[in-house]
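The following report considers overall fold, core and helix packing in turn. Please read it alongside the sequence and the coordinates.

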Number of protein chains: 2
Amino acid sequence: MTFDLAGYSIERRRWVEEALEHFIPPASSEPHSLHQSVRYSLFCGGKRLRPLLTIAGAEIVGGNPQHVLPLACAVECIHTFSLIHDDLPAIDNDDLRRGHLTNHKVYGEAIAILSGDALLALSFELIGKCSLNVPADRVIRVLQMIAHATGTNGMVGGQVVDIESEGKDDLDLETVKWIHGRKTGALLTASLIGGAILAGANGEQEQALTVYGENIGLAFQITDDLLDIYGDAAKLGKPVGSDLKNDKATYPKVLGLETSQRLANEAHDTGVAALSLFGDKAEPLKSLAKYIIGREQ
Amino acid sequence: MTFDLAGYSIERRRWVEEALEHFIPPASSEPHSLHQSVRYSLFCGGKRLRPLLTIAGAEIVGGNPQHVLPLACAVECIHTFSLIHDDLPAIDNDDLRRGHLTNHKVYGEAIAILSGDALLALSFELIGKCSLNVPADRVIRVLQMIAHATGTNGMVGGQVVDIESEGKDDLDLETVKWIHGRKTGALLTASLIGGAILAGANGEQEQALTVYGENIGLAFQITDDLLDIYGDAAKLGKPVGSDLKNDKATYPKVLGLETSQRLANEAHDTGVAALSLFGDKAEPLKSLAKYIIGREQ
């Protein structure tokens, strides 16, 4: 019997939506503009991939998924903060995201910058809330891991080198891996491992999930790069070809199309193989891996 | 005998500088531009008032000041993040800060935005490091308090309403208090209480320090507003009169000069009176309060 990823995801996305609705200040509370802007970007049709990984990380080690929902919301807030700031005129200057106007096109640059800031601060407040159901020392470990994956050693550092690599002709595979391992891979992996640590994963489980997370992060990014070439703008909700236009550091740029696709498949296989110690409990993460390299958007 | 605030501060500032030097990535590490930019703004002659409050908060309840240094560095990073983002063209559009060019004038807007983001993420990683010497449940409480004081209920929310209040003629005292209580007061108070909580403050001590912190935050902001009118641009390191020019929400605007000064003095007295239960141990905070309303910069 094939695992029903759609059914699994729909239920868990509903938990995440309800938890976000609960944790994010209502648009009616002061300052209205800030809360409207935060909600605009947060409830804008995201796939909730990172929260799904957090929940799956807890479940695969036998934990209670409800206990990791504040972390699941936190990683989605961090992801959304990074999208809002990356889209700013001074950075990627994008007008569309998921088929909608980007935050600063609707609320202006000042509110967009401050909304990202507010989401990042809120993320760490949410991580603290995990201590209601989880021993405080585990929460502290996850806090440090998520903060590390967000800052100069993670997403923000990766974004800086990504910007600085635009238009460079002498990029090698190592640099592209460095950039995307930090810009995308670090938070994906931390979302998954964070859920597992909160749920009491042992060292062997954590190690296996790290191998899975890093490889799936790689497969995810290569697929993103390929979709920017092959994808359907309507389904993606943003124009295709923008990496080429901006001469970004992508896998196809340094490896070509065919080798990139092969590397994505290999990363998928390596990631899935690392899950063998979990037996049947690995089905959700195996299906997610398949979805990640096969997705159309 | 008068308390020697200068001697007290010099020693503690040295601890903070050494700890920051230790915790902040070197400018030689990748990405260089990001780390150079972070260090430019962080080591740019700040008074380290928030870290001093954290250390004083630990000491007044008999704690080891060395154990709260990661928090002391974290609150300085949060303060610096807010300065970098507030100075951006889309927000306050300032060219000078502490007598130097603002971050984006040196490193460009993209790096300035990302440097602020990196500093905010790093702050929370640093708070996690307090768990080396302090029980994890105390660290979690402080994490949530600092995150709350930073986000939509604190600094960021206050900044949004401050921007939206520019040029308004019908401002009242309550709105000005709302803005500055969040924009400035929340982090000042959280810096102090955070140090005290990490050091094991009891409920009564925490309550007294909260009264001190909120009143001193108020006195600090009124003094800032008055310095923008009376101050010496050379000593302040920035032009005076910018609040008036931008028609900002200030205490002098809604209360006039004389009543503003009286309110600052009253807040000082209320704050200092709350420290009575600490006896002689209150001397550093009493001196800091006096410095705050008397300072020239």
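## Contacts and overall form

Two residues are taken to be in contact if their C-beta atoms, placed from the backbone, lie within 7 Å. In this predicted model, residues 24 or more positions apart account for 73% of the contacts in chain A that have a separation of 6 or more.

The secondary structure of chain A consists of 15 helices and two strands. Its radius of gyration is 18 Å, close to the 19 Å that the globule rule gives for 297 residues, so chain A is as compact as a globular protein of that length. Taken along the principal axes, the box filled by the C-alpha atoms of chain A is roughly 50 × 45 × 35 Å.

## Burial and the nonpolar core

Of the 297 residues in chain A, 53% are buried. The largest nonpolar core has 175 residues, and those with the most contacts inside it are A:Ile127, A:Leu143 and A:Ile146 together with B:Ile127, B:Leu143 and B:Ile146.

When neighbours within four places in sequence are left aside, B:Ile146 is in contact with B:Ala74, B:Val75, B:Ile127, B:Ala190 and B:Gly194.

## Packing of H1 and H4 in chain B

In chain B, the axes of helix H1 (residues 5–23) and helix H4 (residues 69–87) come within 9 Å and cross at roughly 80°. Because angles of 65 to 115 degrees count as roughly perpendicular, H1(B) is roughly perpendicular to H4(B).

On the H1(B) side the contact is made by B:Trp15, B:Val16, B:Ala19, B:Leu20 and B:Phe23, and on the H4(B) side by B:Leu69, B:Ala72, B:Cys73 and B:Glu76. By class, the contact of H1(B) with H4(B) comprises eight nonpolar residues, no polar residues and one charged residue.

Technical notes:
Residues numbered from 1 in each chain as written. Chains lettered and ligands numbered in written order. Predicted model: local features only at pLDDT ≥ 70, side-chain atom pairs only at ≥ 80, totals over all residues. Axes fitted to C-alpha atoms, helices over the stretch in contact; angles between N-to-C directions. Helix = DSSP H or I, 4+ residues; strand = E, 2+ residues; numbered from the N terminus. Parallel < 35°, antiparallel > 145°, perpendicular 65-115°, else oblique. Nonpolar A, V, L, I, M, F, W, Y, C, P; charged D, E, K, R; others polar. Rg over C-alpha atoms; globule rule 2.2 N^0.38 Å. Buried ≥ 20, exposed ≤ 12 C-beta atoms within 10 Å, placed from the backbone. Core = buried A, V, L, I, M, F, W, Y, C linked by C-beta atoms within 7 Å.
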